Amino acid sequence: MRKHIFNAGPCKLPDSTLENTAKAVMELGNCGQSIMEVSHRSKDFQLVFDEAVELFKELLNIPENYSVLFLGGGASTQFATIPFNFLKNKAAYVNTGTWSSGAIKEAKLFGEVEVIASSEDKGYTFYPQNFEVPADADYLHLTSNNTIRGTEFFEDKAYDVPVICDMSSDIMSRPVDVSKYAMIYGGCQKNLGAAGVTFVIINNDFAEKNLVADRVIPTMWKYTTHINKGSMNNTPPCINIFTVKETLKWVKANGGCAGMEKLAIERCDMLYAEMERNSMFRPVVEEGSRSRMNIPFVMAEGKEDLMQEFLDFSVSKNIVGIKGHRSVGGFRASTYNACTITEVEALVAAMKEFESMKA
Ligand code: PMP
């Protein structure tokens with residue numbers, strides 16, 4: 001029996017992604033080869049790749065002068081390749097939790113980092129607003145959704161310096177004004193497909209003109225290499241790209257990014273409302289910063305010792321993945337694009353039933 005999956009990534013994927021990938025593992029189209037066997041230089045694979053890129057561009061309304069890349073290494077590798085390519089003197093970072101701290105740590109290897117805003121002093125429970133960005137920064141780095149802490153911003157703002165954003169855990173969950181960003185990147189293992197492929201949306205002029213001139217950069221670590229070679233300087237993660245293509249087809253068939261946003265709001269409204277109402281639980285993130293994708297919550301005051309019991313209870317209800325990240329504890333329900341209202345209803349019902357058992 002299929003579980004109600006609230007994993008933080010890898011996570012729930014649409015049924016059509018799973019079914020069509022399973023078929024392609026046996027045979028890609030009618031080419032007599034599996035997606036795992038076919039050459040990445042073949043016409044059959046190029047069709048898969050091109051469709052994934054085209055869907056990406058269409059769904060996010062990506063302007064002409066941007067490239068969409070599919071690379072290996074995860075978002076974590078981007079934490080280093082971004083400053084390696086673009087940090088000449090100083091970069092501005094907003095610190096909103098584990099992942100932005102990771103990006104800051106790597107950037108410090110290459111130049112000065114100014115942390116211009118942080119929510120650390122309040123346990124990362126809000127998203128900092130209205131910060132000043134130094135005009136001499138080479139770029140500003142943001143993390144739009146903080147997967148572990150459950151804070152998110154929803155407005156794409158323009159700044160006086162190029163903006164680079166880690167959208168690993170909320171890409172394609174709302175329409176994004178890509179023109180406000182020089183680069184958007186992330187792991188694909190949440191809203192887009194199977195783990196093992198990283199997406200990069202990058203402004204071509206930015207990649208070329210803002211490249212640090214006096215630093216030796218290995219071929220594979222340069223964005224211009226991947227732009228010029230259409231992500232095929234080396235063997236790309238073929239089957240993972242196939243899963244992205246399939247998921248994007250599903251996103252398109254379900255109303256595109258606007259459709260995903262509507263669903264996301266519906267899902268998280270149900271969960272936050274229950275956390276506010278239920279005497280057993282409480283949310284941890286301030287209103288106004290609450291993520292639609294990752295919803296952390298804890299036991300209400302005085303009920304802390306019931307945590308493991310609720311976890312076990314949720315498992316008995318076929319619910320998986322609501323244990324909070326090991327660094328913060330508590331619970332976290334990850335409600336990415338493929339998470340259904342039925343699944344959210346199952347979690348809400350479990351919370352209600354637990355309350356009535358314990359009250
Ligand atoms: N940034 C964010 C916001 C993430 O959620 C994650 C992974 N959960 C990462 C970066 C790291 O991604 P990866 O595991 O693909 O390196």
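Which residues does V163 touch, not counting residues up to four places away in sequence? That is taken up in point 6, after the overall layout.

1. A word on the model. This is a predicted model, in which local features need pLDDT of at least 70 and side-chain atom pairs count only at pLDDT 80 or more, while totals for chains, interfaces and linings use all residues. Residues are numbered from 1 along each chain as its sequence is written, and side-chain values use heavy atoms, with hydrogens and water left out.

2. Domains. The protein chain divides into domain 1 (4–10 + 255–358) and domain 2 (15–253), with bounds that come from an automatic or database domain assignment. Their centres, taken over C-alpha atoms, are 27 Å apart. Across the boundary, 26 residues of domain 1 are in contact (heavy atoms within 4.5 Å) with 31 residues of domain 2.

3. Buried area. You will know the convention: the size of an interface is often given as the accessible area lost when the parts come together. Domain 1 and domain 2 bury about 2300 Å² between them, 55% of it on carbon and sulfur atoms; this is the accessible area (1.4 Å probe) that the two parts lose on being put together, summed over both. On the side of domain 1, C257, S289 and N337 lose the most area to domain 2, together 23% of what that side buries.

4. K122 and E286 form a salt bridge, with their closest N and O atoms 3.1 Å apart. Helices (H or I, at least four residues) and strands (E, at least two) are DSSP runs, numbered from the N terminus.

5. Cores. A nonpolar core is a set of buried Ala, Val, Leu, Ile, Met, Phe, Trp, Tyr and Cys residues joined through side-chain atoms within 4.5 Å. Buried means under 20% relative accessible area, exposed over 50%, partly exposed in between (1.4 Å probe, protein chains only). The largest has 53 residues, of which F56, L60, F70, F199 and I201 touch the most other members. Helix α2 (residues 43–60) gives the most to this core, with 9 residues. Apart from it lies another core, of 25 residues, among them Y272, F310, I319 and L347.

6. V163. Back to the opening question: leaving out residues up to four places away in sequence, V163 touches L140, L142, K180, Y181, A182 and M183. V163 lies in strand β8 (residues 163–166) and is buried, with a relative accessible area of 2%. From L142, V163 is 21 residues away in sequence and 7.5 Å away in space, C-alpha to C-alpha.

7. S100. This residue is found in helix α4 (residues 98–107) and is buried, at a relative accessible area of 0%. The side chain of S100 reaches the backbone nitrogen of T96 at 2.7 Å, and a polar atom of that side chain lies 3.2 Å from the backbone nitrogen of G97.

Notes. A salt bridge is a side-chain nitrogen of Lys or Arg within 4 Å of a carboxyl oxygen of Asp or Glu. A polar contact is a pair of N or O atoms within 3.5 Å; within protein, one must be able to donate a hydrogen and the other to accept it, and residues adjacent in sequence count only if both atoms are side-chain atoms.
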